[in-house]
Amino acid sequence: MTALARRLSTAGSSFDGWLLFSALALLLLGWVMVTSASIEIATSQTGNAHYYSLRHGIFDVLALGSAMITLRIPLLWWQHNGSRLLMLGFVLLIAVLVVGPETNGSRRWISLGVVNVQVSELVKLFLIVYLAGYLERFLPGVRRHWWEFLKPLVIMVPLGGLLILEPDYGALVVMTGCVMGMLLLAGAPLIRFLLLMVAVILIGGYVAVAEPYRLERITSFANPWADMYDSGYQLTQALIAFGRGHWLGLGLGNSVQKLFYLPEAHTDFVFAVIAEELGLVGAVTVIALFAILVYRALLIGRRAELARLPFAAYLSYGIALVFGAQAFINIAVSTGMLPTKGLTLPLLSYGGSSLLTVWLMTGLVMNV
């Protein structure tokens with residue numbers, strides 16, 4: 001076992017091999033599955049069966065290029081510009097409400113001609129960079145005083161307000177969880193989180209019932225089969241995909257649910273197509289790759305913390321939390337563990353903004 005551990009170790013390398021391996025494996029698998037899941041819808045919408053596949057491949061190349069550029073930018077630059085990046089994030093969130101096109105009742109993108117940029121994806125990165133710098137400067141105060149502890153959460157109030165106006169509740173949940181997770185890893189007292197959890201549950205409960213469509217999502221999540229042709233349609237189709245997959249799946253390209261039964265098959269519900277075509281084995285493999293990715297990012301953060309590099313440490317922690325939270329929520333939604341949310345599966349779902357941001361984050365962790 002020790003010999004095997006030595007052979008699998010990348011301790012002597014100038015980069016974390018397991019982090020890079022898991023990210024690249026998910027990237028390649030994502031391209032294959034987006035191609036498989038989008039052929040029919042691409043043919044119907046554009047007449048080109050490989051329209052989404054080609055675009056996704058271009059996004060992959062651009063995302064890898066962005067990671068290479070990030071590796072060459074010193075961490076000191078990110079540390080000194082955290083506040084400016086956060087302000088840029090606020091400006092972009094305001095801009096998307098003013099000039100962003102409305103799609104399915106939401107304003108989440110800024111159109112740049114050939115591509116649409118989902119602003120909330122970039123804001124996640126900007127928030128992590130800012131908070132890592134904040135924790136480095138005020139770490140003793142965060143651990144001892146309420147005000148220093150609450151400052152990052154106060155910033156989430158206007159940020160959350162802008163995200164609610166879009167609306168983009170999935171991004172809000174991920175960012176809030178990331179901020180609280182980073183504060184917890186920074187050593188803030190646990191009792192504060194318990195008090196905050198009560199407040200978050202109360203506010204979340206009110207927000208959930210304030211709009212009829214949100215309440216409908218919650219009730220359909222509890223029993224999707226009760227209204228399987230309306231509010232529970234998407235979840236029931238995803239569950240059918242899981243049931244059809246069995247142990248080894250129907251085979252690559254043989255999904256039935258992607259044939260206009262399962263909405264968003266190549267974006268938010270690509271995990272259901274993976275389960276149908278690659279079976280339980282494929283689904284568990286994807287989860288294992290995400291586990292490796294998150295574990296290595298946390299381990300890198302811990303090593304940076306022990307080396308007395310707090311900015312690098314909390315940057316890695318925050319990125320690991322975003323990877324883990326977003327993957328968990330997407331998979332939980334697909335399997336019926338959580339109410340439906342429009343949240344992509346990192347590295348696997350179709351979407352240039354998500355891919356670009358995830359690889360920027362991966363490049364940052366590799367830089368650490």
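## Buried charges

A residue counts as buried when its relative accessible area is under 20%. This structure is a predicted model, and in it both K258 and E277 are buried. The two also form a salt bridge, with the closest N and O atoms 3.3 Å apart. K258 sits in the loop between α11 (233-245) and α12 (270-306), while E277 belongs to helix α12, so the pair ties together parts that are 19 residues apart in sequence.

Side chains of opposite charge can pair when their charged atoms come close. How many salt bridges does a search of the whole structure find? The search finds six.

## Two pairs within helices

K124 and E121 make another salt bridge, at 3.4 Å from N to O. They are three residues apart in helix α6 (residues 119-144), which puts about one helical turn between them. Is K124 buried or exposed? K124 has a relative accessibility of 3%, so it counts as buried. E121 is buried too, at 5%.

R302 and E305 also meet in a salt bridge, again 3.4 Å from N to O. They lie three residues apart in helix α12, about one helical turn from each other.

## A kinked helix

Helix α7 covers residues 146-165, 20 residues in total. Its first and last C-alpha atoms are 29 Å apart, close to the 28 Å expected at 1.5 Å a residue. Where is the kink in α7 centred? It is centred on P152, and the bend is about 30°.

P152 is one of the buried residues of α7. Others on that list include E148, F149, L153, I155 and M156. Further along, L159, G160, L162 and L163 are buried as well.

## The nonpolar core

In soluble globular proteins, nonpolar side chains tend to be buried together. The largest nonpolar core in this model has 103 residues. Which residues have the most contacts inside it? They are L135, L315 and L348.

Take L135. Leaving aside neighbours within four places in sequence, L135 is in contact with V142, M182, L183, A186 and Y314.

## A buried serine

S349 lies in the loop between α13 (310-334) and α14 (352-367). At 2% relative accessibility, S349 counts as buried. A polar atom of its side chain is 2.6 Å from the backbone oxygen of T267. A polar atom of the S349 side chain is also 2.8 Å from the backbone nitrogen of L345.

What else does S349 touch, apart from neighbours within four places in sequence? Its contacts include V34, H56, H266, D268, V270 and T344. T267 is on that list too.

## Backbone details in loops

The peptide bond from E166 to P167 is cis, with omega near -10°. P167 lies in the loop between α7 and α8 (169-185).

Conventions:
Residues are numbered from 1 along each chain as its sequence is written. This is a predicted model: local features need pLDDT of at least 70, side-chain atom pairs count only at pLDDT 80 or more; totals for chains, interfaces and linings use all residues. Side-chain values use heavy atoms; hydrogens and water are left out. Helices (H or I, at least four residues) and strands (E, at least two) are DSSP runs, numbered from the N terminus. The expected span of a helix is 1.5 Å times one less than its number of residues. The bend at a residue is the angle between axes fitted to the seven residues ending there and the seven starting there. Buried means under 20% relative accessible area, exposed over 50%, partly exposed in between (1.4 Å probe, protein chains only). A salt bridge is a side-chain nitrogen of Lys or Arg within 4 Å of a carboxyl oxygen of Asp or Glu. A nonpolar core is a set of buried Ala, Val, Leu, Ile, Met, Phe, Trp, Tyr and Cys residues joined through side-chain atoms within 4.5 Å. Contact means heavy atoms within 4.5 Å. A polar contact is a pair of N or O atoms within 3.5 Å; within protein, one must be able to donate a hydrogen and the other to accept it, and residues adjacent in sequence count only if both atoms are side-chain atoms.
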